[in-house]
Amino acid sequence: MTERFSLRVRIFLFFALIALGAVVAIGLAIAVGLAAEPAERVERLASNAGMAGFAIVVITLLVWMLFDQYLARALHTMARSMESAMHGNVMTLNDDDLRYLGPIRPAATALLAANAELRRQHESERAADEAKIRVHERRLAAILRDFEHPLVLANREHRITLFNAAAAERIGGRGEIGVGRRLDELFDLDVLKASFAEVQLRSRESDGVTVEQRVRVYRELPWAATVTSADDGHTPADSMTVSMSPIRGDDGDVPGYLLVLDARPGGAGPDTAVDVPPSAADANVVAAPPKNATAASRHHFHDFLLFERCPEKALLERPLNTLNFVVFDTETTGLEPSRGDEIISIAGVRVVNGYVIEQDTFDELVNPGRAIPPASTKFHGLVDADVADSDAIEEVLPRFRRFVADSILVAHNAAFDMKFLTLKQSAAGVDFRELAVLDTVLLSAWLHDHTGQHTLDALAERFGVEVHGRHTALGDTLVTAEVFVAMLPALEARGVVTLGDAIDICSRSSDITQAQTRY
């Protein structure tokens, strides 16, 4: 009935109810007091005044509850819905609670429609720009693929920003190579640091020299202690001879370097620093073309934004969109890790600088050492025969830990998945407790506190993420990664910019965190 009144009239009615209630309460108090015997009137009036005051408080609270339900809460819901629309896939305001907002709701709906049109235009322009970029990427990839020397570019943090198929082939089974991963997962960090320091020094000393006389430092670069043997079973050599050249910025700074693997200078022994013309150095590079370009081509080859990272900032102070994440998910025999349920599948995908690197994934089945209950199979579709020949979790978990390296972990309902990992980490000889963990459920509960819908399907719909392979470890991992990346602008708009900000949100006590303790 109140929907026919204007919004201003509805707000007036709330205050009118308070005033009317106060008048009625005071009037009744006076009338009852005057009806008493003359000797009792003063005492009765005082008593009734107290009761009238209490009644006014009760009336005020009741009116506030109505105001909160039909106006304050509706305005809050509308504000959060519009925030979701700005950074997600919400195009209309359909919540029934908004029907009392009068002209505000249609005005907000019109703004959403205009925003949707602007987003469509932006997406169209971005698609066109990305198409042009992909043309250049394909050209770059073709050049790198056909270039026979194994090349790796890294930033000052020794994170890989570019590599070619020959480098992926040369590393072979000795370790993983991927954009955003640290080179000290492959090579000795102390030698890398010393070599880069010398490259920086020599670059400053040679400022102004021609490109034909650029700096090259040659080193015997030892493999890291964690590097495994090659796939062919042969023990790898203790080191690899490489050349390191500086990547110079416009301001003369050296934000990174280029490594040529298996490089040998003409006439110069290892562990020496020499300046040689590129033509002379290239003529003495010893490198075979890749034998298996198909295997190497699964990698994402470059991300030059990694050169812009600020290593002097502490991890917690870094913006979320500049960090390395591994988004992961598990499929299990059940929902009670503390009561014997086991992992049967684990998957992860790397997110670098706000982009999902779909080519850099981890996806393995796990033999749980027990039967998979039919009730669990209904969700993920896995049966005993699917995992019978798979490795046990004690063998799979170390490989997953190497894949994660020093990245920040992200999961949907992370407490569930992390409980499984931490219960098995001692037996597997690994440790996940030193890693930062973010939970998309908790981030969503803070970001969209106007709704209780925080399932992965709900978030995918809210942010316009297409769902594939639902209830498989890799499928859910990719959906969660896209949702997380879509969350970043919305979080930034609400003041959650750094990793420390996000961890603070996930650490706050709530009904969800209390429920997660049952795992």
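These questions and answers cover aromatic pairs and charges over rings in a predicted model. Residues are numbered from 1 along each chain as its sequence is written. Local features need pLDDT of at least 70, side-chain atom pairs count only at pLDDT 80 or more, totals for chains, interfaces and linings use all residues, and side-chain values use heavy atoms, with hydrogens and water left out.

Colleague: How many aromatic pairs are there?
Modeller: Rings of Phe, Tyr and Trp (its six-membered ring) pair if their centres lie within 6.5 Å. Planes under 30 degrees apart count as stacked, over 60 as edge-to-face and the rest as tilted. By this rule, the count is eight.

Colleague: Why is the pair of Phe-196 and Tyr-257 classed as it is?
Modeller: The ring centres are 5.1 Å apart. The planes meet at 45 degrees, so the pair is tilted.

Colleague: Is Tyr-257 buried or exposed?
Modeller: Buried means under 20% relative accessible area, exposed over 50%, partly exposed in between (1.4 Å probe, protein chains only). Tyr-257 has 0% relative accessibility, so Tyr-257 is buried.

Colleague: What kind of aromatic pair do Phe-362 and Phe-400 form?
Modeller: Their centres lie 5.3 Å apart. With 65 degrees between the planes, the pair is edge-to-face.

Colleague: Which residue has its charged end over the ring of Phe-403?
Modeller: A charge sits over a ring if NZ of Lys or CZ of Arg is within 6 Å of the ring centre and within 35 degrees of the ring normal. Phe-403 belongs to one aromatic cluster with Phe-328, Phe-362, Phe-400 and Phe-432. At 4.4 Å from the ring centre of Phe-403 sits the charged end of Arg-350.
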